[in-house]
Amino acid sequence: MLDVFPLRWIARLKNGGIANQFFMALMVTIPVLNFGMLMGWQSPMTPILQDPKGPAPEKITDEHISWMASITFFPPIFCGFLVGDLADRWGRKITTLLTSLMLVISWAITLFSLRPWALIASRVVAGLACAGCYVVTPLYLKEVASDKVRGALGSLFILSQNLGYLIVYVAGDFLPFAAVMWICTAVPVVHLLVFLAMPETPVFLVKQGKIEEARNALAWLRNTSTDDKNLEETIQQLEREEEYARSMKKASWKSIFQDKTTFKAFRISLNVMLSQETCGYLVVLMYAGSIFEKASESISLKLSPNKQTIVVGAIQLLGSIVASCIVEQTGRKWLLAGTSFATGLSMLALGAWFYITSMSIWLPGWLPVLAMCLCIFADAAGYQPVPYVITSELFSFQHRGMVTSFVSSIDALSDFLQTKAYDPLLKLIGIHWVFIMFSVVCFFGTFYTVMWVPETKDRTVAEIYALLEDGRKKEKRKDVENGKEVSRL
């Protein structure tokens with residue numbers, strides 16, 4: 001009887017503390033879920049805000065809406081470095097709590113007033129939370145996960161964001177305006193209170209010299225006792241790694257640029273993140289309504305704008321679930337390459353469809369809908385989450401926060417420019433050339449991934465760097481001074 005599948009599955013979850021690690025990952029990603037709700041909130045609520053009989057006390061113009069969409073990505077351009085420094089100085093836990101606090105303040109401003117200045121100000125505060133989400137969450141997930149679930153937990157980052165989109169899309173379609181506002185505000189408030197009981201990452205605790213706390217946190221995460229032999233070996237590895245880090249010069253940008261292998265890892269991280277951020281995914285989401293409208297001219301596809309966003313959100317969430325399920329089987333490299341190629345094909349199909357139909361040549365309306373769905377699915381299934389996983393795995397503790405914060409700032413700048421430049425670019429070259437241009441970015445990303453991105457699955461930072469140095473896998477890399485292995489965490 002004990003061999004039936006569900007019981008074996010539950011036993012597997014308990015073994016090694018996988019259930020505890022997934023629970024911890026879910027708690028860590030709740031701010032990301034709420035940030036997704038905040039970003040998705042604008043879609044179903046814009047018609048209500050712009051309705052003369054709506055709750056807004058004065059007119060909300062398209063210009064106000066445009067600034068609401070773009071200004072969120074402005075603070076992270078400058079605050080990413082600050083958040084990375086806070087995460088290294090104060091810890092991952094406190095920085096996550098501050099992220100939730102910023103989300104509470106953002107929603108509270110909107111509850112207080114729906115005037116244009118308040119709506120835009122709330123998005124500025126949300127931008128501070130955005131920096132926290134995109135910097136500290138990937139670090140937290142990496143440092144609480146064991147090797148066998150590291151990729152799956154890392155991909156929960158984008159899954160939570162997409163779940164937030166879908167929740168607010170559905171809530172906006174079925175619930176009153178005020179009810180949606182209170183639900184969105186309640187999520188970070190509850191998280192702020194509950195997360196106080198969550199542990200700091202063992203890696204940071206060892207760095208702070210709190211060995212006993214690190215042992216207790218790791219024992220809970222691995223679902224074992226504090227006197228477990230394997231756990232003690234892991235703690236000792238972390239201590240050796242910290243001693244080695246202290247013997248080295250203080251981590252700085254100069255140290256990244258001086259070491260050829262570390263700089264190569266930095267270039268790889270920056271390139272895969274930039275490819276992800278500039279692939280045109282935001283444009284597809286913005287243009288989804290127009291694609292549905294065009295399709296309805298030749299096929300019987302009549303969906304309200306809210307129903308359209310719900311369909312898009314459901315596809316995003318499905319892709320994210322697939323990513324979490326398969327990332328440990330496929331590995332990072334080939335999942336990223338495959339999904340970037342699929343995204344490029346769908347972008348090319350959209351561009352071709354709009355170009356051909358602009359010449360009054362008939363093409364079936366289901367083609368752009370299919371291409372759009374493939375783009376959204378492939379992007380969520382790998383192109384969005386995998387670069388965050390790779391970036392967190394390419395660097396040791398002393399460089400991880402610095403690089404993640406820098407990459408986050410560059411990504412925020414990219415998002416800000418895309419959301420503001422979309423309309424002018426659309427009018428200048430046409431939607432078909434916009435999609436074709438983005439398809440080129442995706443195909444370049446595929447080529448770059450195949451040629452230069454290493455597989456980071458089940459490898460330590462030392463093993464990855466050995467791969468970058470000579471192109472071949474080395475199972476172990478010894479510290480020259482003390483002959484000890486470098487930790488996997």
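**Exercise 1.** How much space lies in the largest cavity?

*Solution.* The model is predicted, with local features needing pLDDT of at least 70 and side-chain atom pairs counting only at pLDDT 80 or more, while totals for chains, interfaces and linings use all residues. Residues are numbered from 1 along each chain as its sequence is written, and side-chain values use heavy atoms, without hydrogens and water.

Step 1: a cavity is a set of points on a 1 Å grid over the protein atoms alone where a 1.4 Å probe fits but cannot get out. Step 2: the whole structure holds 5 cavities of 30 Å³ or more. Step 3: the largest cavity contains about 280 Å³.

**Exercise 2.** Find which residues line the largest cavity closest to its centre, and how the lining divides by type.

*Solution.* Step 1: lining residues have an atom within 4 Å of a point. There are 21 of them, and Tyr 134, Gln 161, Glu 277, Gln 384 and Asp 415 are the closest to the centre. Step 2: the lining splits into 13 nonpolar, 5 polar and 3 charged residues. Step 3: helix H20 (397-429) supplies the largest share, 4 residues. Helices here are DSSP runs (H or I) of at least four residues.

**Exercise 3.** Decide whether Gln 316 is buried or exposed, and list its contacts.

*Solution.* Step 1: Gln 316 is in helix H16 (residues 305-330). Step 2: buried means under 20% relative accessible area and exposed over 50% (1.4 Å probe, protein chains only). Gln 316 has 1%, so it is buried. Step 3: leaving aside neighbours within four places in sequence, Gln 316 is in contact with Asn 162, Tyr 165, Tyr 281, Leu 285, Ile 376 and Ala 380, where contact means heavy atoms within 4.5 Å.

Note on methods:
1 Å grid on protein atoms, 1.4 Å probe; cavity = no way out; pocket = protein on both sides within 12 Å on 5 of 7 lines; lining within 4 Å. Points joined across faces, edges and corners; volume = space filled by probe spheres on them. Helix = DSSP H or I, 4+ residues; strand = E, 2+ residues; numbered from the N terminus. Nonpolar A, V, L, I, M, F, W, Y, C, P; charged D, E, K, R; others polar.
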